[in-house]
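Thanks for coming. Please have a look at the chain on the screen before I go through it.

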Amino acid sequence: MRILSKRQLKELVLYSPQHVARLEKAGKFPRRVQLGPNRVGWVESEVLEWLERRLAARDTPPDTPA
């Protein structure tokens, strides 16, 4: 298992820390792990899975109204 730092996360996701926090709060992004009093990280496999779902959604045509 690999833990991503804020810097590594930003390289992968390209979102600001504030936007990541909003997504986490809304339950739309993997939750951070508190590693110490002043250190957090994200489980790499969870972030990559989130990215894969975003890519899959991009390739899925939108629902057409019936």
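First, where the numbers come from. This is a predicted model, in which local features need pLDDT of at least 70 and side-chain atom pairs count only at pLDDT 80 or more, while totals for chains, interfaces and linings use all residues. Residues are numbered from 1 along each chain as its sequence is written, and side-chain values use heavy atoms, with hydrogens and water left out.

Now the fold. In sequence order the pattern reads β-α-α-β-β-α. The radius of gyration is 14 Å, well over the 11 Å from the globule rule for 66 residues, so the protein is more spread out than a compact globule. That radius is taken over C-alpha atoms, and the rule is 2.2 Å times the number of residues to the power 0.38. Along the principal axes, the C-alpha atoms fill a box of roughly 50 × 20 × 15 Å.

What share of the residues is buried? Of the 66 residues, 21% are, where buried means under 20% relative accessible area, exposed over 50%, and partly exposed in between, with a 1.4 Å probe and protein chains only. The accessible surface comes to about 5500 Å², and carbon and sulfur atoms hold 53% of that. These areas come from the Shrake-Rupley method with a 1.4 Å probe, and for residues only the protein chains shown count as cover.

On to contacts, meaning heavy atoms within 4.5 Å. Among contacts with a separation of 6 or more, 43% join residues 24 or more positions apart.

Next, the charges. There are 13 positive and 8 negative side chains, and the centres of the two sets lie 11 Å apart. Lys and Arg count as positive, Asp and Glu as negative, and His and the chain ends are not counted. Each charge is placed at NZ of Lys, CZ of Arg, CG of Asp or CD of Glu.

The structure holds 4 salt bridges, a salt bridge being a side-chain nitrogen of Lys or Arg within 4 Å of a carboxyl oxygen of Asp or Glu. I will show some of them. Glu24 pairs with Arg32, with the closest N and O atoms 2.5 Å apart. Glu24 is buried at 11% relative accessibility, whereas Arg32 is partly exposed at 31%.

Glu49 and Arg53 form another salt bridge, at 3.1 Å from N to O. Both sit in helix α3, residues 44-59, and are 4 residues apart, about one turn of the helix. Glu49 is partly exposed at 46%, and Arg53 is partly exposed at 47%. Arg58 and Asp59 also meet in a salt bridge, at 3.3 Å, and both are exposed.

Finally, the leucines. Leu4 is in strand β1, residues 3-4, and is buried at 3% relative accessible area. Which residues does Leu4 contact, leaving aside neighbours within four places in sequence? They are Leu9, Leu12, Val40, Gly41, Trp42, Glu44 and Val47. Trp42 is 38 residues from Leu4 along the chain, yet their C-alpha atoms are separated by 5.1 Å.

Leu14 lies in the loop between α1 (6-13) and α2 (17-25). Leu14 is exposed, at 70% relative accessibility. Leu14 is not a glycine, but has a positive phi of about 65 degrees.

How values were computed: Helices (H or I, at least four residues) and strands (E, at least two) are DSSP runs, numbered from the N terminus.
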